[in-house]
Amino acid sequence: MKLNIEGLLVYFPYDYIYPEQYSYMLELKRTLDAKGHGVLEMPSGTGKTISLLSLIVAYQKAYPLEVTKLVYCSRTVPEIEKVVEELRKLMDYYAKQTGVKNDFLALALSSRKNLCIHPEVSSLRFGKEVDGKCHSLTASYIRAQHHSNPCQPVCQFFEEFDAVGRQVPIPPGIFNLDDLKDFGRRKGWCPYFLARYAILHANIVVYSYHYLLDPKIADLVSKELAKKSVVVFDEAHNIDNVCIDSMSVNITRRTLDRCQTNVETLQNTISRIKETDAAKLREEYMRLVEGLKEANVARETDIYLSNPVLPDEILQEAVPGSIRTAEHFVGFIKRFLEYLKARLRIHHVVQESAPQFLKDIYEKVCIDRKPLRFCAERLRSLLRTLEIADIADFSAITLISHFATLVSTYSKGFTIIIEPFEDRTPTIANPVLHFSCMDPSIAIKPVFGRFQSVIITSGTLSPLDIYPRILDFRPVTMASFTMTLARTCLCPLIVGRGNDQVAMTSKFETREDFAVIRNYGNLLLEMSAIVPDGIVAFFTSYIYMENIVASWYEQGILENIQRNKLIFIETQDAAETSMALEKYQEACENGRGAILLSVARGKVSEGIDFVHHFGRAVIMFGVPYVYTQSRILKARLEYLRDQFQIRENDFLTFDAMRHAAQCVGRAIRGKTDYGLMIFADKRYARADKRGKLPRWIQEHLTDGSLNLTIDETVQLSKHFLRQMAQPFRREDQLGLSLLTLEQLQSEDMLQKIAQIAQQA
Amino acid sequence: MASLSEEVLLVVKRVRQRKQDGTLYLMAERIAWGPEGKDRFTVSHLYADIRCQKISPDGKAKIQLQLILHTGESTTFHFSNGSTALKDRDATKELLQQLLPKFKKKANKELEEKNRMLQEDPVLFQLYKDLVVSQVISAEEFWANRLSLNTVEHSLSNNSKQEVGISAAFLADIRPQTDGCNGLRYNLTSDIIESIFRTYPTVKQKYAENVPHNLTEKEFWTRFFQSHYFHRDRISTGQQDIFSECAKQDEKGLKSMVTQGVKNPMVDLLLLEDKTLDEVRDCHGAGGRPTDAPSDQASETSSTDGNSRDSDFFQLPLKKVKLQESIEYDDLQGDSGRKTIALNLKKSDRYSHGPIPLQSQHYTTSQDIINSISIIQHEMRNYKPRLTQVMSSNAASSAITALSPGGLLMQGGGQQTINQLVPTDVQIELKHLYTAAGELLRHFWSCFPVNTPFLEDKLMGHLEEMLQAAYSKFQVWQTRRMMRKT
């Protein structure tokens, strides 16, 4: 249908529309008009993606000079591919309605692993290996060698692309990952480099967060994206953690050992080159004297070594004399390495700030701040000069150099924690240096600064106001949308007690309590008897899950659950869990029914949907608080309190509730879907917890569904399931939660729609 | 010696049989023995024919191994190779122990199947008696075109009867009961055992290997319930536990499944993350520079390119389908969006032109002949004597009377029915003869078209003989009847 969103003609590729989609588009349009940033929460399964795409594409077509590009960031590869498919649907609709051939170029970008078509390289199993091998075939000096020595292997696809691929622009169209590969095969061009080149002039780019948020990657991939772009972060509820991870460095003794070997290799290579080709090293020296500006114009194939953060002033300056010659630099790194080794030789935990660390290093080994800042860039230059092919081997020294640069660049927002052992195994020495970022705004700041509109959206962003605070930006719109429902297809229940009236909670003091564990077991047992097909149960951590399951086994509860359904368990091994997931789905498909025991914050809770019969009930055992004894977390909480005036408890509860909401939200993926959401912890009933759930869940939590016993839960669930089993037709939805164009245009409806969005 | 294609698993020299030195061979499907210096076997048994093996007690001077066949015959081998005799015998025993159960199952299955058919079908049983027991045709021939046809039928009937699955609660149901004096009692029914076997195929294998050669049934199950394999939380008791291997095998199976990966790309957690260029943790490099540089780049790429496209070809559709599924909103879509199944025409011209009437033909084409042959074949395959659906005995006897001397004129005794006329045992015998003859005729007709030398042989010599035998049998019956009458 064709919609009129405040004067903008929007093509929407469906015959019907949800009221909240209309409302969402309105808010989005206002954000774009204001050229500002927005935070929008809309439940999953209400067609968020297609609403976003429809509106922004319409905006791009109407005001081609105002918005030149849409950069859509999602979290997982399947999500990325889904977005492109939805886009394809939209573009097909455009072509059909207007009769004009599509002139948009839209493409997905992913890592080499997902795009490589080189027969040898693409057969490698791990992304790391693919990257390393690719580099060893496409690095500029390798290709230079190939020029003089044809035996030196290079990648034919890259050569082909490099020769002609840049002159001929990729034709308009929608290119998903597989389409890019097909196109690459047809032309004989490397799809990865083609895509990386094409994003510069594409109208729509879909890729993963890291390409924008991880400075090491963003610097190379996304540096030249136009300022007049709209950036969308979908599934953004975890965006702060992504930012933090991209800026943090962990150094173990193993890293240092491997770094040591790296240094030795470098030393040998340098002395060899000195004998044979001293001119090369001199040349590099001259280059470094002239400053980094030129050195920084890296060939795109050399992206493997990149600087985490390059403050502008560094680029203006020349590399300090103390690390300018290759030997001096290696000596410098050696000294730094020895210092780090000494720091790891400790028996108690040390925590210090970056300035403290710098002061200490100056006193102990006389390393200045300035050369440290140039470390990453200097190493990059050296590795290029030495023509080292297999960069994967040099990951350790690269990591150390990143650390050196970061620690000397930022005096705020980071902390250094050195732990001699893991908390769980105090007898095993395993020293780790955490250089931990505490301020997510550092990584995302350039994004907000550069692009005119950044949209943060997800199904669970409550409470909305916390994101602008922790990411340090000022949105022009903040809104949370509810799900309009013709029938209440979600049923959140808070179970607080067992039938024996013992409180159910994963609180630390009582979590080992026999009665609590038994009650949890009974809850799952009872539910397994009444819920059809699939049940997903989430625990707060792997250890907690292991303990509980072992205890259930001893008590014979597990056996009884197996009478009703098959049991599958998520483990930390991704391959194993994938297999379990597939078998779980099989058991749901064939009517056998299954239970998946999973972990909040785990891979399943973040990336897998349980549509329809794959998840008729989600049980959240306990409140998924993050492990609060972690020093990194404590440091972060402190920082949040001091910098953003966010109380520790508020943040912890917010974090726990967003993960709980993520978990239970996995089961509802649309209005025709239905599912139970069981929160099995009495603490959920408290207002401070409940109030942090997304609005679309909170709405359906009545006083009658708080602090239930297991029996009451079973009664309510039975009732709910029986109602949901009734046939559900389009007519039931029409006019309420599903609208035709005429219905949408009625005055009444527009008024109703205005209430859907709740401004924060 | 043995035909070349046979795989020899074990050769044992200096084995005596009937006081003669020779060599024992264990092949893939049979065991054979040949006397020294001659290159043929004087003893050869298929494993399937062997019921069991027996060995002489350990203390005895003569080290022997006896094979007992299903027919009741037995063969004894005497291992006489001095010091290694015992070792030889044990090696043979071990191998036989592994081999026999495999063949036993196969042989038994076939036998069971035949037995079942005979029991279920009295007519067939009678036929079997008439034809096979009286040696009109051999047993093999009798079964040859019956078994194949029946297994098809059997599987069909099986499909309609759905296989019963394993009860979800069977493990919970084998609860031990305490017997009051520090012991546990497990109650096992054959259903439970079947369920255990189906759940843990390795246990079934162990059962076949060990029971009853090494362990009694009771011992086996006692060990099973004591094993850590059953009680996963118990630590392995060590080497004696015959089930420790099962756990290992299960583990291996799971591992191989995991390494194979999953088919549905939407649940593959390994593919979820799209993070590149981060710190390498556990990568030990791809092994330096590639040394095997393809000399001819173009041909290399084109050939392997094709391969990778192939693999994509198999992978893509599922991925596409899953992706499409996951972005679909069935309530937003209008009715026109309903999926329909595309009509797949092999020959579209036939669809658009419709059938053309055939010209009437007065000659038989080769197609007709082939058709009629196939009809005969079909009929023969499905032939069953329908004794109840022949002419009613009234009509039959009136026909007989009409044709008898005097014919219609002999009104008086005419209306006597044949079942009053002929004693029942004669009737039954006649019936049997009729069906037997029918079966022979079926064999006869099923030989057409005669396209193999074997069928020709069967038709020319064999069947005629058989029919002859049948005639003579009929003759015997006839004379007997006459004799009785007189």
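View 1. Of the contacts in chain B between residues at least 6 apart in sequence, 46% join residues at least 24 apart; a contact means heavy atoms within 4.5 Å. This is a predicted model in which local features need pLDDT of at least 70, side-chain atom pairs count only at pLDDT 80 or more, and totals for chains, interfaces and linings use all residues; side-chain values use heavy atoms, with hydrogens and water left out. Residues are numbered from 1 along each chain as its sequence is written, while chains are lettered from A and ligands numbered from 1 in the order in which they are written. Chain B contains 17 helices and nine strands; helices (H or I, at least four residues) and strands (E, at least two) are DSSP runs, numbered from the N terminus. Of the 486 residues in chain B, 31% are buried, where buried means under 20% relative accessible area, exposed over 50%, and partly exposed in between (1.4 Å probe, protein chains only).

**View 2. The open sheet of seven strands in chain B.** The strand order is 4-3-2-1-7-6-5, and the pairing is antiparallel; two strands pair if DSSP finds at least two bridges between them. Strand 4 (43–46) and strand 5 (50–55) of chain B are at the edges with a single partner strand each, so one side of each has no neighbour in the sheet. From one strand to the next, the twist averages 25 degrees; axes are lines fitted to C-alpha atoms, for helices over the stretch in contact, and angles run from 0 to 180 degrees between N-to-C directions. Strand 5 of chain B is joined to strand 6 (residues 63–69) of chain B by five bridges, and the two run antiparallel. Ile50(B) has Leu69(B) as its bridge partner in strand 6 of chain B.

**View 3. Lys206(B) in helix 6 of chain B.** Helix 6 of chain B covers residues 201–210. Lys206(B) has 10% relative accessibility and counts as buried. Leaving out residues up to four places away in sequence, Lys206(B) touches Phe220(B), Ile242(B), Phe243(B), Glu245(B) and Cys246(B).

**View 4. Strand 13 of chain A and its two partners, strand 3 and strand 8.** Six of the six residues of strand 13 (residues 453–458) of chain A are buried. Ser453(A), Ile455(A) and Thr457(A) point one way from this strand, and Val454(A), Ile456(A) and Ser458(A) point the other way. Strand 3 (residues 37–41) of chain A pairs with strand 13 of chain A in the parallel sense over four bridges. Opposite Ser458(A) stands Glu41(A), and opposite Ile456(A) stands Val39(A). Strand 8 (residues 229–233) of chain A also runs parallel to strand 13 of chain A, joined by four bridges; Val230(A) has Ser453(A) as its bridge partner.

**View 5. The open sheet of nine strands in chain A, with helix 2.** The order is 6-5-7-4-8-13-3-14-21, with mixed pairing. Strand 6 (173–175) and strand 21 (757–759) of chain A are the edge strands, each pairing on one side only. Neighbouring strands of this sheet are turned against each other by 15 degrees on average, direction ignored. Helix 2 (residues 48–62) of chain A lies across strand 4 (69–74), strand 7 (204–208), strand 8 and strand 13 of chain A, at about 165 degrees to strand 4 of chain A. In an unreviewed entry, UniProt lists residues 7–285 of chain A as "domain: Helicase ATP-binding"; UniProt positions are given in the numbering used here, feature names are shortened, and annotations may be inferred rather than shown by experiment. The span of residues 7–285 of chain A is 57% helix and 13% strand, and its end C-alpha atoms lie 61 Å apart.

**View 6. Helix 20 of chain A, largely enclosed by the rest of the structure.** Eleven of the eleven residues of helix 20 (residues 375–385) of chain A are buried. Among them are Glu377(A), Arg378(A), Arg380(A) and Arg384(A). Glu387(A), which follows helix 20 of chain A, has a positive phi near 55 degrees.

View 7. Over all chains, a search of the whole structure finds zero disulfides; a disulfide is a pair of cysteine sulfur atoms within 2.5 Å. Cys73(A) is buried, with a relative accessible area of 0%. Cys489(A) is buried, with a relative accessible area of 0%.
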